Amino acid sequence: MTTAFRRADRRVSPVFLALVAAMAVSGWAVWSETLAANTGFAVFLFVVSGWVVSLCLHEYAHARTALHSGDLSVADKGYLTLNPLKYTHAMLSIVLPVVFLLMGGIGLPGGAVFIERGRIRGRWRHSLISAAGPLTNVVFAAVCTAPFWLHGLDGVPFPFRCALAFLALLQVTAAILNFLPVPGLDGYGVIEPWLSHALRRQVEPIAPFGLLLIFALLWIPGLNRAFFDLVHTVLGTLGVSEVDSYLGQEFFRFWQGTPQIGGIS
C-alpha cells in the first residue's frame, strides 16, 4: 500500500468536519438553552446534522469493509473521506433520507457507495459489507441512548434529553428498515450472495424501487402502527420512553410551535 494511498485513506473531509461542528454547536445550544426562545430550531439543527453525520458513517462503514475485503477502488472514489458529496447517488444518500425525516420522522438511509463486487471473493465478505452500514446505525443508537440505559439523565436538560431520544428513534428505524430483505436495501444485500443466480436476476429490476416501496408501505396506517410499535419496544428496552421520543419530534418540528408538555401523560 503506497504512502499516497494511506494519506487518502486517512484524510477526513472538511465537509464532514463541518457537519460534526454543526452537530456539536447545535447540541450545545440545546443543552445550555442559549437560544431558549428558539429551542425547537436548535433541536432541529442538532437532529438534522446528527442524522447526516450518521448517514456518512453508515456509508463509510460499507466502504471501509469493502476496502478490507479486497475492493481498493473505494479509496480512489473518495468514500473513505466521509465526504457526502463523494457518494455515487447524492439524491438517495442525503436528499431523500432528509426528506423522509421531515415528512414522517423516519430514518431511512439509501444506497450511496458503489462497491466493485467483482474484486471481492467469498459470500461472507459480501454479506458483511452490506451489514456494516445498518450495524453502524445500531452503534449510533446505543450511543444516543447511553444516558438512558446507564441511568445518567440527572442534570441533562429536558430538551436535550428529548432530542437524543428522537435521534435514537431515527437510528433504530434506519437499522430495522435497512435490515429488511427487500431488493435495494442492505438486508437484501446480506442474503443476496446466498441466493441462486436465477433468483437474483429475477429480483434485480425491483432494486431501484425498493426504498420508495418501503416508504409507501409505511403510509398504510396498520403497517405504520405495527412498525412503530416495534421501534418503541426496542427503544423501551434501552430506557427511552415513547413520550421522550414523541416530544423530541415535537421540538424538532419547531415550525409548529413549542410542544405542550403539560398535556401529555
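Ser130 counts as buried in this predicted model, because its relative accessibility is 4%, under the 20% cut-off. The residue belongs to helix H6, which spans residues 123-149. Leaving aside neighbours within four places in sequence, the contacts of Ser130 are His62, Arg117, Asp186, Gly189 and Val190.

The description now turns to the nonpolar core. The largest such core holds 68 residues, and the members that touch the most others are Phe46, Val47, Val74, Leu167, Leu170 and Phe252. Helix H3, residues 39-69, supplies the largest share of this core, with 14 residues. Beyond four places in sequence, Phe46 is in contact with Met23, Ser26, Gly27, Val30, Phe160, Ala163, Leu164 and Leu167.

Phe46 also takes part in the packing of H3 against H2. The axes of H2 (residues 14-32) and H3 come within 8 Å and cross at roughly 145°, and the crossing is left-handed. On the H2 side, the residues that meet H3 are Phe16, Leu19, Val20, Ala22, Met23, Ser26, Gly27, Ala29 and Val30. Their partners in H3 are Ala42, Val43, Leu45, Phe46, Ser49, Gly50, Val52, Val53, Cys56 and Leu57. By residue class, this contact comprises 15 nonpolar and four polar residues, with no charged residue.

Technical notes
Residues numbered from 1 in each chain as written. Predicted model: local features only at pLDDT ≥ 70, side-chain atom pairs only at ≥ 80, totals over all residues. Heavy atoms only, no water. Core = buried A, V, L, I, M, F, W, Y, C linked by side-chain atoms within 4.5 Å. Buried < 20%, exposed > 50% of the residue type's maximum accessible area, 1.4 Å probe, protein only. Helix = DSSP H or I, 4+ residues; strand = E, 2+ residues; numbered from the N terminus. Contact = heavy atoms within 4.5 Å. Axes fitted to C-alpha atoms, helices over the stretch in contact; angles between N-to-C directions. Left-handed = near helix turned anticlockwise from the far one by under 90°. Nonpolar A, V, L, I, M, F, W, Y, C, P; charged D, E, K, R; others polar.
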